[in-house]
Amino acid sequence: MLLRTKGTSLNIQDFIVGRVTRDPHTRDNNAILICDEQLQDINADRFNCILTSSNQDGKLNGYPAVYKVPSLDHLFEGDLVAVGNDGNIKTLYRVNSFHNTILATERCNSNCLMCSQPPRNRNDIPTLYSIYEKAIPMIPKDCPELCISGGEPTLMGELFFQMLGNIKHNLPDTEIHLLTNGRSFAWPAMAERLGALEYDRLMLGIPVYSDYYQVHDYIVQACDAFNQTIVGLHNLARHNQRIEIRVVLHQQSIPRLTRLARYIYKNLPFAEHVTFMGLEYVGYTPHNIEKLWIDPHDYMNELGEAVEFLAGQGMHVSIYNTQLCVLPEQLWKYARESISDWKQSYLPECSRCTKLSDCGGLFTWNLKKHSEHIRPFE
């Protein structure tokens, strides 16, 4: 699914954030018009920007615009976009999707072996913050759920708390899922500051990859990361924060998976949710595949033991990114359709599977690397 496209910019000085429309008579002050009609018939004063696939730059009369855009068919009425002076049109929010994400930064203080979005060492925080500062008040009030991701969002510093405050004020009924490595909360002031927001719709998804510090630190490629994460988790718990533990399944995490399950129950019993996640074949993973890949079929015993132990202790457990045909039937009740719609795909043989509507499928990039045991139920 297309989330970004590019044309030729005209009269754009800085990012323009707005709500797309194809209605030339709209009264929306934040409107960005998509129009391939004769532009001389449009009152451009009504719009923050005009997007068109045609080459009508001479008829835009000095108004901000992007022309010769290859395709705008992926944008629907009410979608939010950021239009740059380089002609890039980035989709910020899709009104017809339950899978919308705020990218806080691409910077990170870890460098995980299987990172799906490898970090970039550039100061993108002021730019991204300014974009979402404008976009958040435009998000529909009935938005059910919103994800905040990175990089590592807490590296925003003070802007991190300002952004959360902005979301809480403008979207008081929206569930917020914050993906963080949790290390910043080893500093008590960070956890205390978050607790002071009294944001009960916020859940923090924090990875713990092993019960043994050296294994976790190796996976995230950061010294002392395990200790910082565990201290951070306990600091967050002291301030009544909602916590999800996330475990990615691969060659490095599987050998101690059952020990990790017992560690979580004994040391992190306050976790509201524990999820075991299949590997994504994107980002760093293809480069580290020899260190990471294990066919999911081959770790079902370890996964089953870990999941059923935690569930047996009354903890809420899920399995993400794993196909039903690979899972033993007794684990199906833990499987979730977890893959965002814009990156979800199926193999050709899946089309004749009787369980297709119940299965979350594969990441699009995992079509290149997946279990050899995927079979349709017929």
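Me: Which residue of β6 stands opposite I50?
Reply: I50 stands opposite A65 in β6, where strands are DSSP E runs of at least two residues, helices are H or I runs of at least four, and both are numbered from the N terminus. The strands concerned, β5 (residues 49-51) and β6 (residues 65-67), run parallel and are joined by 2 bridges; two strands are taken to pair if DSSP finds at least two bridges between them.

Me: And what is the numbering and the basis of all this?
Reply: This is a predicted model, in which local features need pLDDT of at least 70 and side-chain atom pairs count only at pLDDT 80 or more, while totals for chains, interfaces and linings use all residues. Residues are numbered from 1 along each chain as its sequence is written, and side-chain values use heavy atoms, with hydrogens and water left out.

Me: What is the strand order in the 8-strand sheet?
Reply: The order in this open sheet is β1-β8-β7-β3-β4-β5-β6-β2, and the pairing is mixed. β1 (4-6) and β2 (8-10) stand at the edges with a single partner strand each, so one side of each has no neighbour in the sheet.

Me: Which helix packs on it?
Reply: Helix α1 (residues 125-135) packs on this sheet, touching β3 (16-21), β7 (80-83) and β8 (88-93), with contact meaning heavy atoms within 4.5 Å. The direction of α1 makes about 55 degrees with that of β8; axes are lines fitted to C-alpha atoms, for helices over the stretch in contact, and angles run from 0 to 180 degrees between N-to-C directions.

Me: Switching topic, how many residues are in the largest nonpolar core?
Reply: That core has 75 residues, and I245, F276 and L303 have the most contacts inside it. A nonpolar core here is a set of buried Ala, Val, Leu, Ile, Met, Phe, Trp, Tyr and Cys residues joined through side-chain atoms within 4.5 Å. Helix α8 (residues 300-312) gives the largest share of this core, 6 residues.

Me: What does F276 touch?
Reply: Leaving aside residues up to four places away in sequence, the contacts of F276 include V247, L257, L303, V307 and Y320. There is also a second, separate core of 14 residues, which includes I16, I32, C49 and V83.

Me: Last one: is V220 buried or exposed?
Reply: V220, which lies in helix α4 (residues 213-220), counts as buried because its relative accessibility is 5%; buried means under 20% relative accessible area, exposed over 50%, and partly exposed in between, with a 1.4 Å probe and protein chains only.
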